[in-house]
Amino acid sequence: MLRPLRWLPCWLLMVLPAMADDYRIGFLAYRGEAQGRAEWQPVLDGLNRALPAHHFEGVFLTQQQLDRQLNEGRLDFVVTNPAHYVLSRHQGLNWLASWLDPRFGSARESVAATLLVRADSGISGTRLLAGLRVGAVHEQAFGGYLLVAEQLRRRGVAPNSLDIQFRGYPVDALVYLLRDGALDAAMVPACTLEQMAQEGLVNAAEFRALMIQADAPCVRSTPLYPGWSFAAVDSRNETLLRDITQALLAMKQQGRPLWGAPIRLDEVEQLLRDWQPDAGEAPTWQTLRRVLLGYWQWLAGLMLVLLVIALHHVRVTRLLLRRTDERDRLHHLIQSREQELARARQATLLGEMATGLAHELNQPLSAIQAYAQAGELMTGEQNSREVFNHIVSETERGADIIRRFRQWASQPLPGPDAFSPRELCRELAERLAPRARAAGVRLDVTTDEGVLLSVRPAVEQILSNLLGNGLDAFERRNQGGRLRLAAARRADGWRLTVEDTAGGVSPAVIEALGHTLPASRIHGMGIGLMVSYRLARRLGGSLTLVNVGEGTRAELFLPKEQ
């Protein structure tokens, strides 16, 4: 019955090695792989002896290499300084034991840093470092930068006032660079100089430290902080973690334990919060999620305030646009009223001028009429009586024109009547023929058949003014010419033209036409032309004046529908 059990030892020897697991432990080797291996190999050997069912392999890396392998999930355990542990805690690190540095013998006070200068340098205080070359390992290195930088800041020396040069790992290179004059100062972990001197690498007498703290096995420039940690990386094998912790706590050197229980890292966390390192923090989305969860009430209130401000901005913008439109509308209305007022002032001025002219002309016309009537009664010759009778008739016609002139200037025009433009042109030509012959002017009349529905006296007044202006121009030049009066019927109305060869008019007269009253009589184009222009507009038509060839052409257009 016991025969099968005799094969059990052989079976165990064959199976147990196959059940062993391999674990990778990452060690922070700030002085390089060789030095790190020499320092931590006893710990590896102790674990492999204490836990023969497992195999522990050590990898000795810089802080950045450790971060990279942690991110890639290639490490099972990590041994690093407390600041790096805090910065990497989001990787699922679980602190198992604290390193008891034999030089200090305390897990709570084991890490410090030293600010070294050359012994023969004239740098006696930290304020003399401004602008000088100060070497450090990395901006996240605990003993190789953060501890000394924080101590300098507390002493009023801003790190950005120094020419800090991050030279990377290993730390030994900083000491060599300082010795050779490539640096003016160097930030290194405490005891680095003593270790290198003990190993015969440098002469400690060539260096001295600044900001020296209380007595310690190694010269240091900063207070002591908690020691290194042995941490598991996101492991849930409680049995394994318990076995490893027991094995670590059981390790001793010269009768003194090498590992102790985990400790609080409040002062390290406070230092990192004060320093606010940028790298090594949790990913942005994790930070954002934590902020959202922790301050959602404040964020909600802030969003509500921003929403109210946005709505208020939209309301103000809409109100501003509405007020702007209202302002533009009022501006256009004011401009329109100003134009109407200007036209009213011109009409008033025209009325006043017409009244004044009528008053001044009526008296001499009345006297001429009275003398002509008296002459008609006193003479006995038939020819003289006809002449006096003709003078009376013309003075009555002139008085009638003045009355109409005053009426048009101050009162609405009478209603339109149908009349023949041909007949009107013929009457005007007969009336002006004697004056034209006296001036040596040939008067040509061409008219179309048809009827025009308009205010005949007003049209007669306009044509009479235009023909009179033309004859005035010929008389001033004392030179004959040609004066043409035409009435052409078009589909949309009548076009009445008066054209002469009297030399034309000044462009200023044409420019003033339609804008305001002429300030003075210009070459015979005075109030008569302006009155004609306004009468044409009141008839619903238009009057244009242009220079053509050797003379002037005035066109009166009267639409078919008035």
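Contact here means heavy atoms within 4.5 Å. Keep that in mind as you move around, and remember that this is a predicted model.

Start by selecting residues 421-439, which make up helix 13. Its 19 residues reach 26 Å from the first C-alpha to the last, close to the 27 Å expected at 1.5 Å a residue. Now zoom in on A433: helix 13 has a kink of about 50° there, shortly before the proline P434.

Next, pick out the buried side of the story. P421, L424, C425, L428, A429, L432, A433, A436 and A439 are the buried residues of helix 13. What covers them? Show strand 14 (417-419), strand 15 (441-447), strand 16 (452-454), strand 17 (481-489) and strand 18 (493-500), along with helix 14 (456-477); the cover includes these elements.

Step just past the end of helix 13 and click G440, where phi is positive at about 75°.

Now bring up helix 14 beside helix 13. Their axes come within 11 Å and cross at roughly 15°; angles under 35 degrees count as roughly parallel, so helix 13 and helix 14 are roughly parallel to each other. The crossing is right-handed. To see who touches whom, select residues on both sides: among those in helix 13 are L424, L428 and L432, and the helix 14 set they belong with includes V459, L463 and L467.

Finish at N478, which follows helix 14 and has a positive phi near 50°.

Notes. Residues are numbered from 1 along each chain as its sequence is written. This is a predicted model: local features need pLDDT of at least 70, side-chain atom pairs count only at pLDDT 80 or more; totals for chains, interfaces and linings use all residues. Side-chain values use heavy atoms; hydrogens and water are left out. Helices (H or I, at least four residues) and strands (E, at least two) are DSSP runs, numbered from the N terminus. The expected span of a helix is 1.5 Å times one less than its number of residues. The bend at a residue is the angle between axes fitted to the seven residues ending there and the seven starting there. Buried means under 20% relative accessible area, exposed over 50%, partly exposed in between (1.4 Å probe, protein chains only). Axes are lines fitted to C-alpha atoms, for helices over the stretch in contact, and angles run from 0 to 180 degrees between N-to-C directions. Angles under 35 degrees count as roughly parallel, over 145 as roughly antiparallel, 65 to 115 as roughly perpendicular and the rest as oblique. A crossing is left-handed if the near helix is turned anticlockwise from the far one by less than a right angle, and right-handed if clockwise.
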